Amino acid sequence: MKRIIKNKTFDEERALYNLTDARVEDCIFEGEADGESAFKEARHIEVANCRMALRYPFWHAEDFSVSNCTFAPTARAAVWYARNAAFDGCILDGIKVFRECDGLTVKNCRSVSPEALWKCRDFRIDTSSFDGEYLFFESENGIIENLEMKGKYSFQYIKNVTIRNSVLDTKDAFWHAENVTVENCTVKGEYAAWYSKNVTFRNCRISGTQPFCYCEGLVLENCTMEDTDLSFEYSHVNADIKGNILSVKNPASGIIRADSIGEIILENSVVESICEIITG
């Protein structure tokens, strides 16, 4: 039978360190002692309806769930080095909220955090919103669905990730990404997917200047491109675009099909362009 901890306030250092087989409900982690690492090294616990306002609460914790909890901006670096963690219905506003986590699930959550979801592995994000500058840096082996995101420099160096049915408002997204599929998404932002490898966009709406440069194995299937000038520079691409592309510049190889292209620029290139371009 699990131990129940309820309606308490904790502010001391490592308040519930190494807690095992317990449920924590309606508690507050805040106070004058300003202690850190409340749940460090916890195992097999449930945390529900709590307020976290102290630093580093879930470091090195394993096999735990957190539901309907609020993480204040002061709860910085809240979840690092965690394994098999599930977050549902939480507000996560501390800087650097997830890092180096394995087996992470985030559902029905909202986060405003300049850095979040760095170097996470085997993760799943569902029906959540994230607002931050650097999101999903170097994360891998993940599934993302129904994400509303605002960011800068998002999804850089990610690997083996599928994103579906999401709105991604972020510049410099997918730089150096590898083995990524983006389906039924809106992708808004400048300089998308530079230096990426084996990235596929399927049934997506894409907007922003100078997308898809220096790419290898880039595929666009049944996509639209809006305000996308100087596209595909030095990329190896197979693209099927509905509607207009403002301009295409010096693609390296492959095939680009579009209903129309405002301008095809083949000049002053440092590589030979052997890409087939088809309009109409």
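Which residue is the bridge partner of Thr 162 in β22? The legends below take up this question and others on a predicted model.

**View 1. Parallel pairing of strands β20, β22 and β24.** The bridge partner of Thr 162 in β22 is Thr 181, and Thr 181 in turn has Thr 200 as its bridge partner in β24. Strand β20, covering residues 159–164, pairs with strand β22, covering residues 178–183, in the parallel sense over five bridges. Five bridges also join β22 to strand β24 (residues 197–202), again in the parallel sense.

**View 2. The salt bridge between Glu 183 and Arg 202.** The side chains of Glu 183 and Arg 202 meet in a salt bridge, at 2.5 Å from N to O. Because Glu 183 lies in strand β22 and Arg 202 in strand β24, the pair ties together parts that are 19 residues apart in sequence. Glu 183 counts as buried, at 18% relative accessibility, whereas Arg 202 is partly exposed, with a relative accessible area of 25%. Both residues belong to a network of salt bridges that also links Arg 124, Glu 145, Arg 164 and Glu 221.

**View 3. The salt bridge between Arg 23 and Glu 46.** Among the 23 salt bridges that the structure holds is the one between Arg 23 and Glu 46, whose closest N and O atoms are 2.6 Å apart. This pair links distant parts of the chain, with Arg 23 in strand β3 (residues 20–25) and Glu 46 in strand β5 (residues 43–48), 23 residues apart. Arg 23 is partly exposed, with a relative accessible area of 24%, and Glu 46 likewise counts as partly exposed, at 26%.

**View 4. The salt bridge between Glu 30 and Arg 51.** In this pair the closest N and O atoms are 3.2 Å apart. Glu 30 is partly exposed at 34% relative accessible area, and Arg 51 is partly exposed at 32%.

**View 5. The open sheet of β7, β10 and β13.** Three strands form this sheet in the order β7-β10-β13, with parallel pairing. Since β7 (58–59) and β13 (98–99) stand at the edges, each with a single partner strand, one side of each is left without a neighbour in the sheet. Two bridges join β7 to strand β10 (residues 79–80), and Phe 58 stands opposite Val 79 in β10.

Definitions and conventions:
Residues numbered from 1 in each chain as written. Predicted model: local features only at pLDDT ≥ 70, side-chain atom pairs only at ≥ 80, totals over all residues. Heavy atoms only, no water. Pairing = 2+ DSSP bridges. Helix = DSSP H or I, 4+ residues; strand = E, 2+ residues; numbered from the N terminus. Salt bridge = Lys/Arg side-chain N within 4 Å of Asp/Glu carboxyl O. Buried < 20%, exposed > 50% of the residue type's maximum accessible area, 1.4 Å probe, protein only.
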